[in-house]
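Hi,

Here is the structure I promised to pass on. Have a look first, and my notes follow below.

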Amino acid sequence: MIYDGNQAPTLMPANPPSSNEPLMSANGSDTGHVRRRRMEVFAFLFLTVVLMPALAVATVGGYGLSVWIFQMIVGPPGPPAAH
């Protein structure tokens with residue numbers, strides 16, 4: 001981000017490549033791009049396979065626990081038992 005104090009910050013690189021410079025190396029290997037892509041795929045898989053199911057189980061389990069504790073204190077739902 002470039003900010004000189006007189007204008008709003010921009011997302012332009014400090015030294016943009018000139019029009020005759022290639023964006024990737026001559027042999028086509030761009031390890032930074034590949035590494036970033038791999039990390040994005042890993043993050044996506046971690047979120048979808050591990051984190052979201054764990055949050056779903058924790059949410060349902062927490063709700064069930066709170067209902068169970070509430071019913072231990074107040075009693076089960078329904079009309080009171082006839083004596």
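Is Phe46 buried or exposed, or partly exposed? Phe46 is partly exposed, at a relative accessible area of 39% (buried means under 20%, exposed over 50%, partly exposed in between, with a 1.4 Å probe and protein chains only).

Before the rest, a word on the source: this is a predicted model, where local features need pLDDT of at least 70, side-chain atom pairs count only at pLDDT 80 or more, and totals for chains, interfaces and linings use all residues. Residues are numbered from 1 along each chain as its sequence is written, and side-chain values use heavy atoms, leaving out hydrogens and water.

Now the rings. There is 1 aromatic pair in the structure. Phe42 and Phe46 make up that pair, stacked, with 6.5 Å centre to centre and 25° between the planes (ring centres of Phe, Tyr or Trp, the latter by its six-membered ring, within 6.5 Å; planes under 30 degrees apart are stacked, over 60 edge-to-face, the rest tilted). Both sit in helix 1 (residues 31-74), 4 residues apart, or about one turn (helices are DSSP runs of H or I, at least four residues, numbered from the N terminus). Phe42 is exposed, at 52%.

On to charges: the whole structure has 1 salt bridge (a side-chain nitrogen of Lys or Arg within 4 Å of a carboxyl oxygen of Asp or Glu). Glu40 pairs with Arg36 there, the closest N and O atoms being 3.4 Å apart. These two are also in helix 1, 4 residues apart, about one helical turn. Arg36 is exposed at 57% relative accessibility, while Glu40 is partly exposed at 41%.

Cheers
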